[in-house]
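Subject: Structure handover, aromatic contacts

Hello,

Here is the structure for your work on ring contacts. My notes on the aromatic side chains follow below it.

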Amino acid sequence: MNKNKIRQPKIRFKEFSGENADSWEQRKLGDAVQITMGQSPDSANYTDNPEDNILVQGNADMRNGHVVPRVWTTQVTKTAEKGDLILSVRAPVGDVGKTDYDVVLGRGVAGIKGNEFVFQMLSKMNSDNYWRKLSTGSTFESINSNDIKDAHIKLPNIEEQEQLGEFFSKVDTTITLHQRKIDDYKKLKKTMLSKMFI
């Protein structure tokens, strides 16, 4: 059996498919990207002042795949930069988002320097319950640095990564636009019901 066939997805863009197409390379996540585990600042340094540093502590600080500022801090421990990915490492584990800001990482998250392909891959791992399977058995659902660094992933060449990332980013944008329309219609219906029914 051709080993190349084993390491290729069922569907690929035309320019990356065919008998002589490159196979995807299996690697450990920690060998492919830079990972920074979070470290919480002292709670005495938490603020509600948007002039301070944005603190990302976990899932509650992310919505629709993006960091949403909620808590700030005057103490800088571990950090992630604008454009980095944020992975939730404590219950619920596996949620992933992008940050549009420089942020301080609390212990409930890890920062990952990755492109759009890596974001989509981490999203798929989450939907496949990859991280939850690792965290089962513990009293408090969590994953550690080694769990993340040793995670086995498959990577295509950089050109295919860019095309896949762009494709799924466009799909996500379309979903978001339709979701907003649905939310608007729901609000309209609620308003009309309250005005048109006694």
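Rings of Phe, Tyr and Trp (its six-membered ring) count as a pair if their centres lie within 6.5 Å. Please keep in mind that this is a predicted model.

Searching the whole structure gives 4 aromatic pairs. One of them joins F13 and F167: the ring centres are 5.9 Å apart and the planes stand at 80 degrees, so this pair is edge-to-face, given that planes over 60 degrees apart fall in that class. F13 sits in the loop between α1 (3-6) and β1 (25-28), while F167 belongs to helix α6 (residues 158-196), so the contact ties together parts that are 154 residues apart in sequence.

How accessible are these two side chains, F13 and F167? F13 has a relative accessible area of 24% and is therefore partly exposed. F167, with 41% relative accessibility, also counts as partly exposed.

A further edge-to-face pair is made by W24 and F117, with 5.8 Å from centre to centre and 70 degrees between the planes. This pair also links distant parts of the chain, since W24 lies in the loop between α1 and β1 and F117 in helix α3 (residues 116-127), 93 residues apart. Are W24 and F117 buried or exposed? Both are buried.

Regards

Terms used. Residues are numbered from 1 along each chain as its sequence is written. Side-chain values use heavy atoms; hydrogens and water are left out. Rings of Phe, Tyr and Trp (its six-membered ring) pair if their centres lie within 6.5 Å; planes under 30 degrees apart count as stacked, over 60 as edge-to-face and the rest as tilted. Helices (H or I, at least four residues) and strands (E, at least two) are DSSP runs, numbered from the N terminus. Buried means under 20% relative accessible area, exposed over 50%, partly exposed in between (1.4 Å probe, protein chains only).
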